[in-house]
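Work through the exercises below with the sequence and the model open. Each task is followed by a solution in steps.

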Number of protein chains: 2
Amino acid sequence: MTTFTSDVFDVETIDLAGTTEAIVRGGRHLFDRLPAALSGVRRIGVIGWGPQGRAQALNLRDSLAGTGITVTVGLRTGSSSVADAEANGFRRADGTLGDWLDVVAASDLVLLLVSDAAQAAHHPEIFAALRPGSTLGVSHGFLAGHLANEGVDWPAGVSVIAVCPKGMGDSLRRLYRQGAEIDGAGINASFAVVADHDGHATDRALAWSVGIGSPYTFRTTLDDERRSDIVGERAILLGAVHGIVESLYQRYRIAGAAPADAYDRACATITGPVARTISRSGLRAVRDELAGADRETFDRAYAAAYRPCRDLVVEIYDEVASGTELRSVVLAGRRLARTPLAPVSGSAMWTGPRAALGRTDPFTAGVFVAAMVAQVDVLAEHGHCWSEIVNESVIQAVDSLLPYMRARDVSYMVDNCSITARLGARKWGPRFAAALEQVAYPAADGEPDRAPVAAFADHPVHDVLARLAPLRPPVDISV
Amino acid sequence: MTTFTSDVFDVETIDLAGTTEAIVRGGRHLFDRLPAALSGVRRIGVIGWGPQGRAQALNLRDSLAGTGITVTVGLRTGSSSVADAEANGFRRADGTLGDWLDVVAASDLVLLLVSDAAQAAHHPEIFAALRPGSTLGVSHGFLAGHLANEGVDWPAGVSVIAVCPKGMGDSLRRLYRQGAEIDGAGINASFAVVADHDGHATDRALAWSVGIGSPYTFRTTLDDERRSDIVGERAILLGAVHGIVESLYQRYRIAGAAPADAYDRACATITGPVARTISRSGLRAVRDELAGADRETFDRAYAAAYRPCRDLVVEIYDEVASGTELRSVVLAGRRLARTPLAPVSGSAMWTGPRAALGRTDPFTAGVFVAAMVAQVDVLAEHGHCWSEIVNESVIQAVDSLLPYMRARDVSYMVDNCSITARLGARKWGPRFAAALEQVAYPAADGEPDRAPVAAFADHPVHDVLARLAPLRPPVDISV
């Protein structure tokens, strides 16, 4: 499933820890191939103006400038996003802004980027409005899971594809703009072909991915994408890291650290030096850069945190794969009409004084890396391809998300993501905090079993990260 | 649904906050009526030897001594419970211990008290083994919810009843034994009639309830029982109170309290003076006993904690009513074969020094009472009868469960309950802790909206608790 061919783009194969994956590298020099890859597409309808809709519409319009392929934004009547779409140059007058169902009906390629709740509620009208022979695209697997839960099929007579950027919409736009100066800056993406009615679905998906600025694109299935994406945001990408920093902050405060110092050790360690080290040099480098007592502290924290974090990722995977998690998301979406999401950045660590001194607290580093590797291991056991595993567990965290928490606070990271992600982070973050406080920290204060540390030393993820590093330009996102 | 008639027991009506409920008072003087109420029942098969199976088998055998009605325990071949059942006088030799399906087939009244996971996995064999015309009894609503999720009906040709003690099995046995000296000591129960094939189902249920020692028995539906029971254990009975004490302990420690003092303020306040005051004098008395600055502190904590706790109870109710929560329980049950439940009493508050000085910390009291009233309000909005509301939200907490946390630790309370409850407490407790840390405590440290405090002053629950107080003998459970 990870191999594919293209009539337009150059497909490379890479070896990742004993497996082979086909990929397409992106870059601005490929934008002149987009019309050929989008053969038969005159109008792309981007439905929705959330973080993904906004970023993808803007990136595609820029990438397709001068090609004659029009990007039109479709919004519901009365949508509060109309003003921002208009401010960004999408206008009713020139046909680049319209009612969503009209845009669906008028487009050859429909990118369905409305909220998950809207996808759940309105997919029947949207499916009914699709033009026969057109292509429907989604950017994550929520709708696939929801249709499976409801026993509903994808619409007949259209191609169905997915391009799933491994980062939030805001990152997608920021890095694309940075890419104007550093070619290849961007967010990696996976693609999937669910239904291919004219034999061009793969090239259409690759064009979409190259057009939004993906440095490299790998193939997955929509089911693998759905599971890894929804698990990842509940675990290390958002939920777990939130639980980790909250619980460590309290631990350090109780041990006597002043508020700013506790913040530096619990949070700025992760969002600063640890994220930077992982992004540039991989996971093993975090441990290798620590010596003596610091490395011993890292090992102790890693050994104690790995198992409880892994148990939680196993639970999350189970809930997601079974469809139970998405049932909860749909229920929660209905409650949001009455009760808004609770804020996530009200605790003392976000409202008190902070420092970011660039130091690596070795205990914090051990806990964070353990949680990250736990997720890598659970995804690997479920057979996800390595590109998907490390993008959903490592690259997205350090290159796209953590810089947002560093720039402002946890809410700036979590609440720039989808409602499904925001709900999941709120649901699972506290579970990680509790598992650390009740299981991991007591174990770390005793004599934890060091087996996870030994497994870390020889972990295949180190080789995978080293192989993928040259595919990404060394750009720090400018938040 | 709350009214009913009996051919054997005296049915009283009580007025509760403008509603009328029919109830039956229990007591040892009624044991001589049990044979009449159990007309046609020669053998009661208690299937399972978990906390409820053990307690109910022992209580029923004691209550029915000399009547000629036999209580037989049914266990699976190789069950690790055989030794304890034999040590308690149930023997293969005299026909009071047998293989579970044999006992099901040989019994006129089958009390299905195996674990929820076993009920989910084995109900087809059990249903098939039931003798036509016999009566099947359950003690909580798990199986009803599971059958609904699976689209399976109750077995045809048998009566189906429920008697649901509002306390864990260990309490049920302890208070029954205390009742030998103080008549009426025991755990209240609800009953429900799902199918009545001979017109005697109500009396059979009432006999079961009186026989296990219920001071009073009220009527509900199995669906109301299922929802209130599973919500209650996730919220104030187990999950919420666990989250509350963990988060308060950290709050007090960070504010400088020594470990023993923080324990006293965060936990012993609730399990000691607050629980005792509520049990003896109701909820309003907790606030009334505080004066001046302490009452102001209570009010501030109550005002800040009520809304986030209520939002969580609403979410729990939604998950339970929809069946989603039980889907998670079934998934978790399957994981337990590989990974045991994580321990819940490893955090610093349970492993460090403790004090229990009998003082009421007013901040702790405000948070706890707010969470309790939040649950009362959500259950009331969903139309549960008042007996069910206050037994599932107040009486079970203060009279049955909290004494266990006081006697040893949170695990002694939580892990003496069903697997469904133990899973639910682990899942939801951390959510309450996070909501308090991220929403309630910051609000309490500012100027919270006092509207919840005003609503508390005139709350109908105070009248309900005052009316029900005379139905319960003033017995402190001996843990």
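## Exercise 1: the two copies

Solution. The model is predicted.

## Exercise 2: the overall form of chain A

Task: How does the radius of gyration of chain A stand against the globule rule?

Solution. Begin with the inventory: chain A contains 21 helices and ten strands. For 479 residues the globule rule gives 23 Å, and the radius of gyration of chain A is 22 Å, close to that value, so the chain is as compact as a globular protein of that length. Next, take the extent along the principal axes: the C-alpha atoms fill a box of roughly 65 × 50 × 45 Å. Then turn to burial, for which the cut-off is under 20% relative accessible area. By this criterion 63% of the 479 residues of chain A are buried. The accessible surface of chain A is about 16,000 Å², and carbon and sulfur atoms account for 49% of it. Last, consider the contacts in chain A with a separation of 6 or more: 81% of them join residues 24 or more positions apart.

## Exercise 3: the sheet of chain A

Task: In which order do the ten strands of the open sheet of chain A lie, and which are the edge strands?

Solution. Reading across the sheet, the order in chain A is β1-β2-β10-β9-β8-β7-β6-β3-β4-β5, with mixed pairing. At the edges are β1 (12-16) and β5 (97-99) of chain A, each of which pairs on one side only. With direction ignored, neighbouring strands of this sheet are turned by 30° against each other on average.

Two pairs can be checked bridge by bridge:

- β7 (residues 135-138) and β8 (residues 159-165) of chain A pair in the parallel sense over four bridges. Here A:Val138 has A:Ala162 of β8(A) as its bridge partner.
- β3 (residues 43-47) of chain A and β4(A) also pair in the parallel sense, over five bridges. Here A:Ile44 has A:Val71 of β4(A) as its bridge partner.

Strand β4 (residues 70-75) of chain A is mostly covered, with five of its six residues buried.

## Exercise 4: a covered helix in chain B

Task: Which residues of α7(B) are buried, and against which elements do they pack?

Solution. Helix α7 spans residues 169-178 of chain B, and seven of its ten residues are buried. They are B:Gly169, B:Ser171, B:Leu172, B:Arg173, B:Leu175, B:Tyr176 and B:Gln178. Their packing partners in chain B are α2 (51-63), β8 (159-165), α8 (201-211) and α17 (386-407).

## Exercise 5: a backbone angle

Solution. Most residues other than glycine have a negative phi. A:Ala17 has a positive value, near 50°. A:Ala17 sits in the loop between β1 and β2 (19-25) of chain A. Its relative accessibility is 30%, so A:Ala17 counts as partly exposed. In chain B, B:Ala17 has a positive phi of about 50° and lies in the loop between β1 (12-16) and β2 (19-25). B:Ala17 is partly exposed, with a relative accessible area of 30%.

Note on methods
Residues are numbered from 1 along each chain as its sequence is written. Chains are lettered from A and ligands numbered from 1 in the order in which they are written. This is a predicted model: local features need pLDDT of at least 70, side-chain atom pairs count only at pLDDT 80 or more; totals for chains, interfaces and linings use all residues. Side-chain values use heavy atoms; hydrogens and water are left out. Two strands pair if DSSP finds at least two bridges between them. Helices (H or I, at least four residues) and strands (E, at least two) are DSSP runs, numbered from the N terminus. Axes are lines fitted to C-alpha atoms, for helices over the stretch in contact, and angles run from 0 to 180 degrees between N-to-C directions. The radius of gyration is taken over C-alpha atoms; the globule rule is 2.2 Å times the number of residues to the power 0.38. Buried means under 20% relative accessible area, exposed over 50%, partly exposed in between (1.4 Å probe, protein chains only). Contact means heavy atoms within 4.5 Å. Accessible areas come from the Shrake-Rupley method with a 1.4 Å probe; for residues, only the protein chains shown count as cover.
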